Amino acid sequence: MQDPDVTAYADTLREEGVAIIAGSVTDLAGVTRAKYVPTSRLGAFTRSGMGVSPSWSVFCVDSGIAFTPTIGVAGDLRIRIDPEEVRVVEDGVGWAPGTLTDQHGRPAPLCTRTRLVMAERAAAEQGLQVQMGAELECTMLATDAGPATTEPWSPYGIRTSLDRSGFLVDLAVSAQRAGLSVEQLHTEYGHDQLEMSLAPDTPVAAVDAVILARIVLSRVASRHGLRISFSPVPFDGAAGNGAHLHLSLSDAQGPLLSGGTGLHGLRGAGGHAIAGVIDTLPDLIGVYAGSVVSPLRLKPGNWAGATACWGLENREAAVRFVAATPGNPHGANIECKLIDPSANPYLAAAAFLGSALRGIDRALELPEEIPENPAQSDFSTRPLPLAQREALDAMETSQVAAELLSTDIVDALLAVRRYEQKTYGDQPPEQICDAVRLAWTC
């Protein structure tokens with residue numbers, strides 16, 4: 001029997017011209033994959049879901065499969081969606097974030113969205129309200145995946161943005177239609193680079209918006225003779241793309257990152273949260289920036305946060321502190337600058353939030369602030385395993401990673417990333433960039 005509420009949603013979507021609906025999951029390689037149904041089957045997508053092989057979770061950037069001792073050719077999982085979350089992403093096409101479940105509707109062990117749901121729930125159980133915001137950096141490409149333009153680039157320039165005004169206008173209109181709260185659009189520092197900033201929301205909703213924004217960016221670009229790359233480094237030697245996440249925490253007394261007597265207004269728990277994030281960075285690089293191309297971005301001088309430290313508005317620190325000022329309407333927050341677009345954003349958010357909660361639970365001491373470029377600082381900082389093999393080795397032996405993400409997820413993520421390392425790790429950087437330039441395009 002059809003659920004009357006689902007029928008009403010389907011009728012509304014049909015009135016908006018939606019003929020097919022996608023439900024997507026993002027795998028451990030950071031690639032978003034989907035199944036579609038006619039709008040008339042929205043109820044089936046909601047109740048029983050659409051079947052997928054368990055191997056979906058260990059698909060790799062080049063369509064290889066990193067089979068593990070527990071993931072093979074047998075078995076079946078389901079993608080289920082919530083009809084209330086369907087958004088129009090293109091004429092005739094709706095989309096909703098999917099949850100990966102077993103045949104009985106229970107979350108699958110490798111469902112990364114469920115892992116973030118659990119982290120959000122853990123924060124609530126501690127009496128904390130959480131807000132996250134995302135920045136999406138990407139590179140505009142020509143249809144052949146080469147550079148979109150060849151003329152000199154002016155970072156943040158009015159010329160470079162107005163030259164793409166038709167694309168940007170279409171992007172703003174399409175984002176609004178899809179229900180995205182876009183706070184800012186601009187051409188970035190890198191050649192043909194673009195950034196979109198999204199409004200803060202609860203963690204799961206914020207990351208769902210990241211996936212939706214990637215889809216909208218990619219589809220609008222295609223209408224304007226462009227492609228979009230979310231590779232951490234699309235071209236060897238060029239500017240890299242980040243996928244920064246911002247985090248703020250509040251309790252019954254108010255924000256943890258402002259209103260206190262500590263440095264920059266920090267309350268004690270806010271300092272512990274920052275300490276927790278910094279403390280776990282070596283264990284979680286493989287989550288935040290673990291792809292074969294990630295190390296090409298994670299270098300001092302790239303504003304990629306390649307140093308395990310924090311500082312007020314310090315864009316070279318792994319954790320940038322944004323204070324509560326009249327120029328910051330959303331209040332104080334911390335930004336994790338290490339994260340790049342090859343990361344599964346649900347896992348990255350779960351690791352980021354989980355690390356902050358761990359710091360609060362353990363009352364970890366806030367390290368000394370690094371107020372300047374860490375490369376020119378006299379302060380000592382903890383080294384980070386920036387090479388892919390080192391990052392994966394650190395994650396493999398990490399109790400923290402297993403605690404925050406589960407051993408099932410860590411083992412599968414290691415399998416996917418070690419496949420990349422084995423397949424591409426010995427290639428020159430230029431070939432690596434070419435091989436994965438479109439891997440994370442939606």
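What follows is a conversation about cavities, pockets and helix packing.

Reply: Please keep in mind from the start that this is a predicted model.

Me: Which residues lie nearest the centre of the largest cavity, and which elements give two or more residues to its lining?

Reply: The lining of the largest cavity is made up of 16 residues, and those nearest the centre are V25, T26, D27, L100 and T112. Two or more lining residues come from each of β1 (20-26), β6 (93-101) and α3 (112-125), with β1 giving the most, namely three residues. When the lining of this largest cavity is sorted by class, it has eight nonpolar, five polar and three charged residues.

Me: What can be said of the second largest cavity, and which element has the largest share of its lining?

Reply: The second largest cavity contains about 70 Å³ of space, and of the 13 residues that line it, V210, A243, L245, I339 and P345 lie nearest its centre. The elements that give two or more residues to this lining are β7 (129-141) and α6 (203-223), and the largest share, three residues, belongs to β7. By class, the lining of the second largest cavity divides into eight nonpolar, two polar and three charged residues.

Me: How is the lining of the second largest pocket divided by class, and which element gives the largest share?

Reply: The second largest pocket holds about 350 Å³ of space, and the closest to its centre, out of 20 lining residues, are R87, D201, A205, D208 and A209. Its lining takes two or more residues from each of β6, α3 and α6, and α6 has the largest share, with six residues. The lining of this second largest pocket has 11 nonpolar, three polar and six charged residues.

Me: Let us turn to helices. At what angle do α6 and α8 pack, and which residues make the contact?

Reply: For a pair of helices, one reads the angle between the axes, then the residues that touch. Here α6 and helix α8 (residues 345-361) pack at an angle of about 150 degrees, with their axes 9 Å apart, and therefore α6 is roughly antiparallel to α8. The contact is made by P203, V207, D208, V210 and I211 of α6 together with P345, Y346, A349 and L353 of α8. By class, this contact of α6 with α8 has eight nonpolar, no polar and one charged residues. The crossing in which α6 passes α8 is right-handed.

Me: How do the axes of α3 and α6 cross?

Reply: The axes of α3 and α6 come within 9 Å and cross at roughly 150 degrees, so α3 is roughly antiparallel to α6. R113, L116, V117 and E120 of α3 make this contact with P203, V204, V207 and D208 of α6, and by class it has five nonpolar, no polar and three charged residues.

Me: Is the crossing of α7 and α9 left-handed or right-handed?

Reply: Helix α7 (residues 268-288) and helix α9 (residues 388-396) pack at an angle of about 115 degrees, with their axes 7 Å apart, and their crossing is left-handed. The contact is made by P282, D283, I285, G286 and V287 of α7 and by A391, A394 and M395 of α9.

Note on methods. Residues are numbered from 1 along each chain as its sequence is written. This is a predicted model: local features need pLDDT of at least 70, side-chain atom pairs count only at pLDDT 80 or more; totals for chains, interfaces and linings use all residues. Side-chain values use heavy atoms; hydrogens and water are left out. On a 1 Å grid over the protein atoms alone, a cavity is a set of points where a 1.4 Å probe fits but cannot get out, and a pocket is an open set with protein on both sides within 12 Å along at least five of seven lines; lining residues have an atom within 4 Å of a point. Helices (H or I, at least four residues) and strands (E, at least two) are DSSP runs, numbered from the N terminus. Ala, Val, Leu, Ile, Met, Phe, Trp, Tyr, Cys and Pro count as nonpolar, Asp, Glu, Lys and Arg as charged, and the others, Gly among them, as polar. Grid points are joined across faces, edges and corners, and a volume is the space filled by probe spheres set on the points. Axes are lines fitted to C-alpha atoms, for helices over the stretch in contact, and angles run from 0 to 180 degrees between N-to-C directions. Angles under 35 degrees count as roughly parallel, over 145 as roughly antiparallel, 65 to 115 as roughly perpendicular and the rest as oblique. A crossing is left-handed if the near helix is turned anticlockwise from the far one by less than a right angle, and right-handed if clockwise. Contact means heavy atoms within 4.5 Å.
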